[in-house]
2 protein chains.
Amino acid sequence: MTKRETPDIIIGRLPVYLRALRHMEAQGKGTTSSQELGEQVGISAAQIRKDLSQFGEFGKQGTGYSIAFLIGKLREILKVDRVWDVVVVGMGDMGHAIARYQGFADRGFRISQVFDSDPAKIGERIGSFVVQDTRELGTAIRKADVRIAMLCVPAAAAQQVANQLVEAGVRAILNYAPINLNVPKGVWVQYLDPTVGLQRMTYYLE
Amino acid sequence: MTKRETPDIIIGRLPVYLRALRHMEAQGKGTTSSQELGEQVGISAAQIRKDLSQFGEFGKQGTGYSIAFLIGKLREILKVDRVWDVVVVGMGDMGHAIARYQGFADRGFRISQVFDSDPAKIGERIGSFVVQDTRELGTAIRKADVRIAMLCVPAAAAQQVANQLVEAGVRAILNYAPINLNVPKGVWVQYLDPTVGLQRMTYYLE
């Protein structure tokens, strides 16, 4: 089965499995089962086995999965067996928090540059970064050959900055702005709008 | 069709439709079509029509959807035709950013109280809030009858705080901590882990 045939919904679950497996590994565990992993992530054992079977035979009947082996495989499949440079655009409160976030280390990502268009912020030091002028975005991204960006600008500016990012070669955008982005085929966007997450839950509340 | 029969994946798309419709409304538009909405959100017109048909007949053949009417219906379905109080736990960089975020206003939510367990942070003023002691979480939530929380504590503390929240009556948790939470049936969790979003995209990168 080629990649293009694996539904994106399955791809979306792999990072969750990986996170849970690394958590188990940190607790000193060596092996796990689809049952145990399923309880950790709230997904049925059958679904996990089906998802993983898309990519090969990773477990042995009766002995379960080697956690280290499965982590290695998932990192390979998700291409986070390397470290990707990521630029962050928009140094408001959210961009600030992301620039200082320590959670990317060891999970495949490294923030390499941060940008803002506000003259009062350009040149400011945030964590280990100096805020660069958004006007230099295209040049900086091309020079460093960056493929991934996090977008933390206000909604009104998001599409225009996304266009700049794509033109400069970015192919994956994690969008914190509460707006849908129109991007060409071959560019991927994931959305992190807290209100969307909240509204998805209120539906179920009494 | 009763609520329980509507797949959660459909519920998950409704807030995205609502966001796009409000964007259209803000631009002064009065009506739209499933085609136009589909282009905005990157979902096929047929899928949108199918999703909305779960809840009734909202559009007229040939004339499309009244944006104001559809916004009203979606707000009603998602129960954001009211304002929900939300508590935020964990006043690190991310919690700080959320406490100061203006994007919830008018989308159904109002942050009402913020908490941290660090004595250095308790009593601090953040935006319009005074940080309260996490030990008072249960009492404060019961007193104010809050159902929704955002969890911005470190991964190692997340499950324990989630237990406190659930015990106090919280039924929906937006979790920023990079860890899966185990919660009883009837409690909803949505996850906002940026690394999961990034890893879902690197799969597709060359």
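The model is predicted: local features need pLDDT of at least 70, side-chain atom pairs count only at pLDDT 80 or more, and totals for chains, interfaces and linings use all residues. Residues are numbered from 1 along each chain as its sequence is written, chains are lettered from A in the order in which they are written, and side-chain values use heavy atoms, without hydrogens and water.

**Interface**

- One salt bridge joins the side chains of Asp193(A) and Arg107(B), at 3.0 Å from N to O.
- The residues on the side of chain B that touches chain A comprise 36 nonpolar, 12 polar and 13 charged (Ala, Val, Leu, Ile, Met, Phe, Trp, Tyr, Cys and Pro count as nonpolar, Asp, Glu, Lys and Arg as charged, the others, Gly among them, as polar).
- Chain B contributes 61 residues to the contact and chain A 62 (heavy atoms within 4.5 Å).
- About 6,200 Å² is buried between chain B and chain A, 62% of it on carbon and sulfur atoms (accessible area, 1.4 Å probe, lost on being put together and summed over both).

**Sheet in chain A**

- An open antiparallel sheet of 3 strands in chain A has the order 1-3-2 (strands are DSSP runs of E, at least two residues, numbered from the N terminus; two strands pair if DSSP finds at least two bridges between them).
- Strand 1 (31–32) and strand 2 (59–60) of chain A are at the edges with a single partner strand each, so one side of each lacks a neighbour in the sheet.
- Strand 1 of chain A is joined to strand 3 (residues 64–66) of chain A by 2 bridges, running antiparallel.
- Thr31(A) has Ser66(A), in strand 3 of chain A, as its bridge partner.

Terms used: Helix = DSSP H or I, 4+ residues; strand = E, 2+ residues; numbered from the N terminus. Buried area = accessible area lost by both parts, 1.4 Å probe. Salt bridge = Lys/Arg side-chain N within 4 Å of Asp/Glu carboxyl O.
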